[in-house]
Amino acid sequence: MELIQIPAAGAAAIGCAMGAASLLVPRWGATVVRLQPDPRWRGGWSEFRASYGGAFFLGHAAILLTFVMQTQAGMAALMGTSFAMGAFWMGMALGRIVSMAADHGQHQTRTGYNAAAVVFESLMGLALWVPFLAHLGG
């Protein structure tokens with residue numbers, strides 16, 4: 001593994017671990033995102049296992065797989081998978097920033113938690129974009 005790939009591999013491992021934790025312990029995922037199933041509807045815990053568990057786990061595992069299979073898959077596969085998940089994290093940061101600007105008056109969204117989450121999500125996104133950005137830089 002090249003030095004430039006380490007940030008993406010680290011971010012992929014963190015995302016994979018977060019997904020595995022939510023897949024196995026959905027209450028953990030619910031706590032992280034500060035949500036709970038609506039008691040009016042059955043099956044709500046499945047959403048935490050699916051969205052915050054399975055999707056996070058396999059999305060980030062795909063990146064780790066491209067690291068392992070880089071000789072066969074090539075650098076383009078690594079750039080594609082890590083860029084896609086990086087966009088996912090940047091989209092979360094963008095949504096949170098928009099909410100902090102647009103929703104604060106009604107929902108008090110400018111919190112320390114949201115500010116820290118923007119930093120974390122942006123760092124995860126940027127780390128996952130490193131292989132692509134390095135390719136652009138030559």
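Of the 138 residues that make up the protein chain in this predicted model, 32% count as buried. The chain exposes about 8,100 Å², and carbon and sulfur atoms supply 69% of that area. Its secondary structure comes to seven helices and zero strands, which, read along the sequence, gives the pattern α-α-α-α-α-α-α. Along its principal axes, the C-alpha trace spans about 50 × 30 × 15 Å. Among contacts between residues at least 6 apart in sequence, 68% join residues at least 24 apart.

The largest pocket holds about 300 Å³ of space. It is lined by 17 residues, of which Val-32, Val-33, Arg-96, Tyr-113 and Glu-121 lie nearest its centre.

Sorted by class, the lining of the largest pocket has 12 nonpolar, two polar and three charged residues.

Is Leu-126 buried, partly exposed or exposed? This residue, which lies in helix H7, counts as partly exposed because its relative accessibility is 39%, a value between the 20% under which a residue is buried and the 50% over which a residue is exposed. Leu-126 and Ala-8 are 118 residues apart in sequence, and in space they are 8.3 Å apart, C-alpha to C-alpha.

Conventions. Residues numbered from 1 in each chain as written. Predicted model: local features only at pLDDT ≥ 70, side-chain atom pairs only at ≥ 80, totals over all residues. Heavy atoms only, no water. 1 Å grid on protein atoms, 1.4 Å probe; cavity = no way out; pocket = protein on both sides within 12 Å on 5 of 7 lines; lining within 4 Å. Points joined across faces, edges and corners; volume = space filled by probe spheres on them. Nonpolar A, V, L, I, M, F, W, Y, C, P; charged D, E, K, R; others polar. Helix = DSSP H or I, 4+ residues; strand = E, 2+ residues; numbered from the N terminus. Buried < 20%, exposed > 50% of the residue type's maximum accessible area, 1.4 Å probe, protein only. Contact = heavy atoms within 4.5 Å. Areas by Shrake-Rupley, 256 points an atom, 1.4 Å probe, with all protein chains shown as cover.
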